[in-house]
Structures are given as C-alpha cells and as structure tokens.
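Please open the model in your viewer and keep the selection panel at hand.

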Amino acid sequence: MGTSVFGEKEFLACCGSTKFAQEMASAAPFATYPQAVEAARDIWFNKVDVNGWLEAFAAHPEIGEQSTALATATDFTLQELYEANTRYRQKFGFVFLICASGRSTPEILAELKKRYPNRPIVEFEIAAKEQMKIIELRLSKLFTTEESDASKSREQWNADVSATAEEDRLSIIGSHLTAAAKAPVGLPSQIPTRTRPPITTHILDVARGCPAAGVEVLLEKWQSNNTRPVFGETARDCWIYEGSSTTDKDGRSGQLMGVVDALEPGVYRISFNTGKYYPDGFFPHVSIVFEVRESQKWEHFHVPLLLSPFSYSTYRGS
C-alpha cells in the first residue's frame, strides 16, 4: 500500500507563508508527525524571512471572526474584542495572533490586553511563536486525517499483506529521506550543498510594520594572533572586511560573502548603519559579534534585525 505525500497546498493551509510551504514540500515526505514538526520549526524560525512571517500573519482572520471566539462571545465582548484588535493592528501593523484552541473569548481578550503594552520587537516575536503553535496544531490534524484514511483502507487488506505493505511503505519513506539528505563526496552526509552564502541577514522596521530598505550592512571577520576579541579592548585593525551591501525593498542585505560549502570558523561582526536609516534614533549604528566554531562550519547563520528608532532585537538562526 502506498502513502500520500503532502505538497505545497497542504502546507500552505497549515501556514500562510509561501516560503514555508515550499520548504516543507521540499523537505517532505515525513514518516511521523514529530519529524514534520521538527522540520517545520527549523523552517519557520530559520528559513522563513520577515516577509514570510508577515505573510503568514496576514492570512489569519481577526481573532473576533474565528469560530472559537464566536462560540463563547456575547455582543458586548465581541465589540470590545473588535475595538481592542483595531488598536492592536494600528500599533503593531499586523493582526493579533494567538493559538485560540480551547480558549474562550474572555480569555483571548484578556491576553490581548496583556500583550498590547509590549514593545513592537517583543510582540513580533510572541506572534511568531503563537504562529508556530498554530502550525503544529494544523500539522497534527493533517497527519490525523491521513492516518484515519489509511486505517479505513487497511481494513480491506489481509493482515499479513497489510503488515508487509506497511513495511514497504516505511522503507520507501526511509529511502526518500536518505536521498534528500545526500551531499557531495567529502561532505558529511547530512550537509546539503549551499545555494546561498552561509551568513545572511534582513531587517524589519517594527515601528512601521514593514521591511527596512536602504540600510547599509557590513560584514567583517576577526583576524589576530588572539583567538577572539576581548571585551573592553579596542583592536580596530583586527577586523577584516568580508563584504557589504544595502538592504533592498524586502529588507534583505544581498550577498555579503561568497557561496562556500564550509564557512571558515572564527569570530564575525555584522554591523548596521541604523543612524542613517533613523537620523533621530537612539543608535548611530548597531554591531553584532558572533563566533562560528569548527563543528558549525556547515551551518547557515541568519542574523535578522528587528529595528525601531529607540530599540532593536536580534536572534541567530542556523
């Protein structure tokens, strides 16, 4: 007996990001739900950019229009939820996002009020985590439906034939997963050939709710007899230029270095000319220093920046 393979259509229904759906379809098939969730988390947090997050957020209806909220709402709470949601969207630039499964309207409204005072950077990250909860829930339903259909079909088979078919199915899935992970000779088997530079970045202007275009970005590598820079010491000449670019309309910096399979281990610094973008802002520029170890040279390092005039936040995705 064969097995169904989910495609972009099914994964797009789990998350409104086109990039997410494409990456999941490329990584499929998955033998189990936990495997799918593991891949989804990596893709959502490390491979989907800011535009993809906003695209997914935009695919959600207002929280007051969802069935969970409607089932437990009164006219008064729905009106209050609508007004609170409007204020939220005006402040943050996207719909209030929460995994509403099992929550009543009063609970959702209380959470919205609790999160409203957050800084845009903080709220953007919370929304992304709530989106991941929703993705996991929808993936679970996807796999439950498939298992239910498969169970009905297996009732028509002889027990021995069914067991053999299941064994073959797992063997086929295993071969697909192995083939997808193959890399060129000389590289670890789990490391694919790169199609983009190992260090990338993009910037979201959380104050305006859109990508930050026109920000100058500089990438440098530490080169000295010392293994790494020491906090508080100035060693300007030890930072070696790797590349630079300016973010485009999507907030992407472009190519900061060449496409190489193995990134040279060491300490890197990526700097953003935030003062030029926000002349009246608090930060004239922002620099992020990070170290790539020998064991990490095959990884991809994505350093997005969430920026507003008086605050910023970042995280590293690999």
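On a 1 Å grid over the protein atoms alone, a cavity is a set of points where a 1.4 Å probe fits but cannot get out, and its lining residues have an atom within 4 Å of a point. This is a predicted model, in which local features need pLDDT of at least 70 and side-chain atom pairs count only at pLDDT 80 or more, while totals for chains, interfaces and linings use all residues. Residues are numbered from 1 along each chain as its sequence is written, and side-chain values use heavy atoms, with hydrogens and water left out.

**The cavity**

Select L54, F92, F94, P120, F124, L204, D205, V206 and G209, which line the largest cavity. Its volume is about 50 Å³, taken as the space filled by probe spheres set on grid points that are joined across faces, edges and corners; the search of the whole structure finds two cavities of 30 Å³ or more. Colour α8 (120–154) and β2 (203–205), each of which supplies at least two residues of this lining, where helices (H or I, at least four residues) and strands (E, at least two) are DSSP runs numbered from the N terminus.

**The rings around F124**

Rings of Phe, Tyr and Trp (its six-membered ring) pair if their centres lie within 6.5 Å, and planes under 30 degrees apart count as stacked, over 60 as edge-to-face and the rest as tilted. By this rule the whole structure holds 19 aromatic pairs. The rings of W53 and F124 have centres 5.3 Å apart and planes at 35 degrees, so this pair is tilted; it links distant parts of the chain, with W53 in helix α4 (residues 50–58) and F124 in helix α8, 71 residues apart.

F57 is buried (under 20% relative accessible area, with a 1.4 Å probe and protein chains only), at a value of 0%, and F124 counts as buried at 1%.

**Charges over rings**

From Y116, move to K91. A charge sits over a ring if NZ of Lys or CZ of Arg is within 6 Å of the ring centre and within 35 degrees of the ring normal. The charged end of K91 sits over the ring of Y116, 4.8 Å from its centre. Finish at K221, which lies over the face of Y268 at 5.7 Å from the ring centre.

How values were computed: On a 1 Å grid over the protein atoms alone, a cavity is a set of points where a 1.4 Å probe fits but cannot get out, and a pocket is an open set with protein on both sides within 12 Å along at least five of seven lines; lining residues have an atom within 4 Å of a point. Buried means under 20% relative accessible area, exposed over 50%, partly exposed in between (1.4 Å probe, protein chains only).
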